[in-house]
Each structure stands twice: as C-alpha cells, then as structure tokens.
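Please keep the structure open while you go through this note. Each point takes up one part of the fold.

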Amino acid sequence: MIRSMTAFARRESQGPWGNLTLELRAVNHRFLELSVRLPEELRAFEPMIRERIGRALSRGKVDCNVRYQSASAFPEALEVNRELASRLAHVSREVDALLYNPAPVNSLDVLKWPGVLQVPSPDPEQLKRETQAALDTALEDMRANREREGEKLKTLILQRCDGVAAIVAQVRTRVPEVVERYRERLRHRLAEVAGELDEGRVEQEMVLLAQRMDVDEEMDRLGAHLGEVRNVLERDEPVGRRLDFLMQELNREANTLGSKSMDAETTRASVDLKVLIEQMREQIQNIE
C-alpha cells in the first residue's frame, strides 16, 4: 500500500478530568523528524508519544501538538486550606504592626497565595491513558489519510509509466528506419566525394554508425526499470527511497538515449521521457 507523507489528524477528548486536544501534521521529509509540543502537565508523556509515532510512521516531518485544560480550571466546588489561610492572616497582622501606614489585606489577596485555594488535581495515570487513546486514534486517522492520498499518487505514477512505455515502443520501431535513412545519406555523400561508390567503405561506415546509434540496451533497461517501478508500487511497505532511486536510473537511460540520437524525433522522444520521469519524481518525493 503506497502512502503519502502529507496528512493531518485531530482528536478531542473530554471528561471529568478535563479537555484534551491532540493534532498531528505531517509533510514530506527524507527521514522521520518529530516535533512534540506539550503542556507542562503532560511533559512526562513525551517519550511515550515519540515511541508510538515512531512505530506508526517511518518517514516525514511530523508535528504533534497537545493542548490540555484541567477540569480544575472551572471547578464545581472549591476548598480553602483554612490552616494556611489562618497563618497568613496572623502573619499579616504581625507585619501590619511593624509598618507606619499598612495597607489592608483583603480576602482575595489571601486566596491568591499558593496553596490557600485547593482544587482537585487530575490522576496522572488517567491522563496518560487518555493521551495514549487520543494519539493512537489520531495515528490511525493519519494512516488512513496517507493511504488515500497514496492511491492517488500511485495512479498518477502508473499513468506516467504508461507514457514512458509508449515512447520506448515508438523509438524501437523507428530505429531501423533511421538507420536506413542514414545509410542512403552516407551513400550520396561518399559518391559525391569519391566519384565512385565503394560498397565496402559504405558497410564499414554503417557498422560504426550502427554502433553509435544502437539504443537496444537503453530500451531494454528502460523497460526493466518500468517493470520494477510497477512491482514496487504493489508492496505493502515504505518504498519512497527505492522509487526515487529508480527515477535516477530511468533518467540516466533517457539521457543516454538523447546523447545517441541521430534525428530530431529521437531527441524529442528523449526530452519527453525526461519530462515524464521528472513528473514521477516530483510525486515520489511525497511517498513514504
């Protein structure tokens, strides 16, 4: 199954423990590069998050952003640490006695002191379970998105493969015609120069010319590489790097074909091949 490296997934979860939102964004990259942003309450879960993403994905630049709002932000019931508040009030009166013109301390000032207002804290294990569940679901969504996009990329690549195969077949059929055309041109030139045509010399020149124009090897290798591309596209594993290598090999053969070209049509075919190969390469850059 071909998978794209570009995807997005978002999961939200809420309960008595609070609200949690997890987002995953991925774009193409040569390797797997993770960026994890967590609130302070979930900082201890970063190794777990990285390990789970690393198991699910093999390539791509992945951003994981988690937002958490504790239920204590809007608690239904608040409790006051009476002992601490009483000690604060007592100390405040002692300080007031030392000052010339003390400012009054109101109840809100006391409540702002750390620990005076007590709110329930979430269970860390429950938070970890909720984070794991949201991450696993988001990764499943991302995997499904990548596979859908990968199928589209696969279709585009196969269409270009068909185009390359058609050009290769066309060049094969034209090679004998091109050779014969050059044979006749060589005959005329030798006749003009020497006055009398030397068939042995013609055949010798034609042998050298045929060697320079022989593109059977290039055609065979292009066909073999196309077959391998089609085969790789059917594998259920990350194949982006292998496909990228095959594009390099296809481009090398297209360049060789252009360098051996002896007519405008073959040169044009070489250019058309390189255009199709480059189109495939651009799509493959986004395949995992």
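1. Arg 10 stands opposite Glu 23 in S2. Strands S1 and S2 pair antiparallel, over nine bridges. Two strands count as paired if DSSP finds at least two bridges between them. Strands (E, at least two residues) and helices (H or I, at least four) are DSSP runs, numbered from the N terminus. S1 and S2 also form a hairpin, with two residues between them.

2. A word on the source. This is a predicted model, in which local features need pLDDT of at least 70 and side-chain atom pairs count only at pLDDT 80 or more, while totals for chains, interfaces and linings use all residues. Residues are numbered from 1 along each chain as its sequence is written, and side-chain values use heavy atoms, with hydrogens and water left out.

3. Next, the partner on the other side of the hairpin. Strand S2 (residues 18–27) is joined to strand S4 (residues 60–70) by 10 bridges, and the two run antiparallel. Thr 21 has Arg 67 in S4 as its bridge partner.

4. Now the whole sheet. Its four strands have the order S1-S2-S4-S3; the sheet is open and the pairing mixed. Strand S1 (7–15) and strand S3 (32–37) stand at the edges with a single partner strand each, so one side of each has no neighbour in the sheet.

5. A helix covers part of this sheet. Helix H1 (residues 46–56) lies across S2, S3 and S4, and runs at about 150° to S3. Axes are lines fitted to C-alpha atoms, for helices over the stretch in contact, and angles run from 0 to 180 degrees between N-to-C directions. Contact means heavy atoms within 4.5 Å.

6. Check the length of H8. Its 21 residues should span 30 Å at 1.5 Å a residue, and its end C-alpha atoms are 30 Å apart, which agrees. The expected span is 1.5 Å times one less than the number of residues.

7. Which residues of H8 are buried? They are Thr 266, Ala 269, Ser 270, Leu 273, Leu 276, Ile 277, Met 280 and Ile 284. These cover an arc of only 130° around the axis, which puts them on the same side of H8. The arc is taken from the directions from the helix axis to the C-beta atoms. Buried means under 20% relative accessible area, exposed over 50%, and partly exposed in between (1.4 Å probe, protein chains only).

8. Take Thr 266 in H8 (residues 264–284). Its relative accessible area is 11%. Leaving aside neighbours within four places in sequence, Thr 266 contacts Arg 174, Leu 257 and Ser 261.
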